[in-house]
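Please consult the sequence and the structure while working through each solution.

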Amino acid sequence: FCMKKIYFVRHGESEGNVGEIRQTKETPLSPRGRSQAAYIAARAAKLPIDVIVSSTMVRAAETARSISETTGKEVEHSDLFVERRRSSEQLGKRKDDPVALEVDALLIENFTVPGYRYSDEENFDDLKRRAGEALEFLKNRSEQNILVVTHGIILRALAARAVFGPELSARECELFIRTFHTENTGITVFEYDEERRNPWGIWIWNDHAHLAELEG
């Protein structure tokens, strides 16, 4: 019998979240993001965490390091939990760059078109495949309580894949991405119970109560 809880944490605010330049994998936390990471670390110290798994992107790794230093738990890094890969034409460009904005519009318009790909970005099929691999990776780990530091879009893809399973459609995934929003360092909790008909359940979404003092 296998049951486990996965505590997903979106990384702290990054320079890319608040700046004028689109993020790359090297984009670090902002000063406010580092404060947020300290707050989520203090909260994580009260959770029954066995291990921390982090995206390899700098903003996530910095958040995970703060949690590790406070909880004393080791961090493992995995590319399964990195943010959705954007096209090369967008990376590091200004947010108002006309080419990058045109690519945004095309990707949104064609997300549900089977096999559509502008250039080298992850499309729906790629996201669905990686989300399935990530859930399988977590399910097969020996630990019962895992904290994962990740990113907004891939977290919503993970939720969609957990709810709809292998039959997840592009339209269903698109709805999750558009409507399930996340705050920086918000906590989302999945539970895996192999005895349930659908073994994955979502118990908490985007709980960021720990930031009340920081925002006050």
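This is a predicted model: local features need pLDDT of at least 70, side-chain atom pairs count only at pLDDT 80 or more; totals for chains, interfaces and linings use all residues.

**Exercise 1.** Determine how many helices and strands the chain has, and state whether its radius of gyration agrees with that of a compact globule.

*Solution.* Step 1: the secondary structure comes to 8 helices and 6 strands. Step 2: read from the N terminus, these elements run β-α-α-β-α-β-α-α-β-α-α-β-β-α. Step 3: a compact globule of 216 residues would have a radius of gyration near 17 Å, and the chain has 17 Å, so the two agree. Step 4: along the principal axes, the C-alpha atoms fill a box of roughly 45 × 45 × 30 Å.

**Exercise 2.** Describe how helix H2 and helix H3 cross, and which residues make the contact.

*Solution.* Step 1: the axes of H2 (residues 31-44) and H3 (residues 58-71) come within 8 Å and cross at roughly 40°. Step 2: H2 and H3 are therefore oblique to each other. Step 3: the crossing of H2 and H3 is right-handed. Step 4: H2 contributes Ala37, Ala38, Ile40, Ala41, Ala42 and Ala44 to the contact, while H3 contributes Thr63, Ser66, Ile67, Thr70 and Thr71. Step 5: sorted by class, the contact of H2 with H3 has 7 nonpolar, 4 polar and no charged residues.

**Exercise 3.** Describe the packing of helix H6 against helix H5 and against helix H7.

*Solution.* Step 1: H5 (residues 124-140) and H6 (residues 152-164) pack at an angle of about 75°, with their axes 9 Å apart. Step 2: angles of 65 to 115 degrees count as roughly perpendicular, so H5 is roughly perpendicular to H6. Step 3: the contact is made by residues including Leu127, Ala131 and Leu135 of H5 and Ile154, Leu158 and Ala162 of H6. Step 4: the residues of this contact of H5 with H6 divide into 8 nonpolar, 1 polar and 3 charged.

Step 1: the axes of H6 and H7 (residues 170-179) come within 9 Å and cross at roughly 135°. Step 6: H6 and H7 are therefore oblique to each other, and their crossing is right-handed. Step 7: among the residues in contact are Ile153, Val163 and Phe164 of H6 and Cys173, Phe176 and Ile177 of H7. Step 8: the contact of H6 with H7 has 9 nonpolar, no polar and 2 charged residues.

**Exercise 4.** State how many aromatic pairs the whole structure has, and which residues ring pairs link into a cluster.

*Solution.* Step 1: a search of the whole structure finds 8 aromatic pairs. Step 2: ring pairs link Phe8, Phe190, Tyr192 and Trp200 into a cluster.

Technical notes:
Residues are numbered from 1 along each chain as its sequence is written. Side-chain values use heavy atoms; hydrogens and water are left out. Axes are lines fitted to C-alpha atoms, for helices over the stretch in contact, and angles run from 0 to 180 degrees between N-to-C directions. Helices (H or I, at least four residues) and strands (E, at least two) are DSSP runs, numbered from the N terminus. Angles under 35 degrees count as roughly parallel, over 145 as roughly antiparallel, 65 to 115 as roughly perpendicular and the rest as oblique. A crossing is left-handed if the near helix is turned anticlockwise from the far one by less than a right angle, and right-handed if clockwise. Contact means heavy atoms within 4.5 Å. Ala, Val, Leu, Ile, Met, Phe, Trp, Tyr, Cys and Pro count as nonpolar, Asp, Glu, Lys and Arg as charged, and the others, Gly among them, as polar. Rings of Phe, Tyr and Trp (its six-membered ring) pair if their centres lie within 6.5 Å; planes under 30 degrees apart count as stacked, over 60 as edge-to-face and the rest as tilted. The radius of gyration is taken over C-alpha atoms; the globule rule is 2.2 Å times the number of residues to the power 0.38.
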